[in-house]
Amino acid sequence: MTAFEQLTTEEKQRALSELRHAKELFASRGWFPGTSGNLSVRVGEFDPSSFHFAITASGKDKTVNTPEDFLFVNHEGKPSELTKLKPSAETLIHCEIYRLTGADAIFHTHSVFNNVISEYYWERGSVPVDGVELIKGLCNWKEEAHIDIPIVPNYGDIPRIVPEVTAKLQEGVPGILLRKHGIYAWGANSFEAKRHLESFEFLFEYVYRLELLRKGQ
Ligand SMILES: CSC[C@@H](O)[C@@H](O)C(=O)COP(=O)(O)O
Ligand SMILES: [Zn+2]
């Protein structure tokens with residue numbers, strides 16, 4: 001029996017129901033414009049060289065629920081079982097984030113704020129955030145903490161993005177921006193990944209608005 005076949009139905013159902021819940025919530029906030037975004041939740045034991053996760057199928061309208069919204073894939077992004085569904089085009093980015101962090105859930109969304117801020121700070125290589133209370137939402141409890149949220153290039157060829165993620169992932173920052181594309185946020189479970197995603201979105205909007213005010217526009 002493969003590691004995937006050894007998983008219980010309950011373990012798989014739990015991952016699928018967490019994905020369904022996150023998908024419905026983010027859809028209600030308009031966080032999947034134009035079918036963008038993808039979500040995943042890991043199942044079973046974690047070994048950096050062998051793991052499985054449930055992920056959204058590619059190209060679907062994530063604002064509607066269908067019986068074909070999710071499938072299971074392995075650490076190489078290949079379907080764990082026979083299916084006609086195609087995993088997210090960005091599955092390899094999820095694979096790399098799981099491999100590097102051992103996280104249990106990864107949520108990726110596109111927003112105007114995360115796109116604009118990734119372009120604005122592109123040359124700097126990261127988005128600086130200073131002393132904002134919501135940095136604590138990222139599990140950084142230091143008073144007046146400073147963080148830099150890394151930005152990687154957005155190539156059409158997804159495998160080219162993977163080594164960029166490997167190189168720029170930052171200890172203590174559970175997220176990474178793709179330039180003019182969107183944010184990947186992760187956590188030790190769905191609850192934490194959601195809190196991180198919401199905190200990042202808040203911080204992007206804060207930095208954007210503060211910059212506008214400082215420039216007097
Ligand atoms: C349709 S625009 C967004 C896509 O190009 C992509 O960035 C995205 O987030 C969704 O791709 P998907 O293959 O559905 O997971
Ligand atoms: Zn995307």
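The UniProt annotation "binding site", from an unreviewed entry, covers H108 and H110; UniProt positions are given in the numbering used here, feature names are shortened, and annotations may be inferred rather than shown by experiment. The structure is a predicted model, in which local features need pLDDT of at least 70, side-chain atom pairs count only at pLDDT 80 or more, and totals for chains, interfaces and linings use all residues. Residues are numbered from 1 along each chain as its sequence is written, while chains are lettered from A and ligands numbered from 1 in the order in which they are written. The protein averages a pLDDT (the predictor's confidence in each residue, from 0 to 100) of 97, and 100% of the residues score at least 70.

H108 is part of strand β4, residues 105-109 (strands are DSSP runs of E, at least two residues, and helices runs of H or I, at least four, numbered from the N terminus). H108 counts as buried because it has 27 C-beta neighbours inside 10 Å; the cut-off for buried is 20 or more, for exposed 12 or fewer, with partly exposed in between, C-beta atoms being placed from the backbone. Leaving out residues up to four places away in sequence, H108 touches G37, N38, L39, E90, G182, I183 and Y184 (contact: C-beta atoms, placed from the backbone, within 7 Å).

H110 sits in the loop between β4 and α3 (112-120). With 17 C-beta neighbours inside 10 Å, H110 is therefore partly exposed.

Ligand 1 is surrounded by G34, T35, S36, G37, N38, T56, S58, G59, S88, A89, E90 and H108, each with its backbone-placed C-beta atom within 6 Å of the ligand. This shell has 1 nonpolar, 10 polar and 1 charged residues, where Ala, Val, Leu, Ile, Met, Phe, Trp, Tyr, Cys and Pro count as nonpolar, Asp, Glu, Lys and Arg as charged, and the others, Gly among them, as polar.

Note on methods
Two residues are in contact if their C-beta atoms, placed from the backbone, lie within 7 Å.
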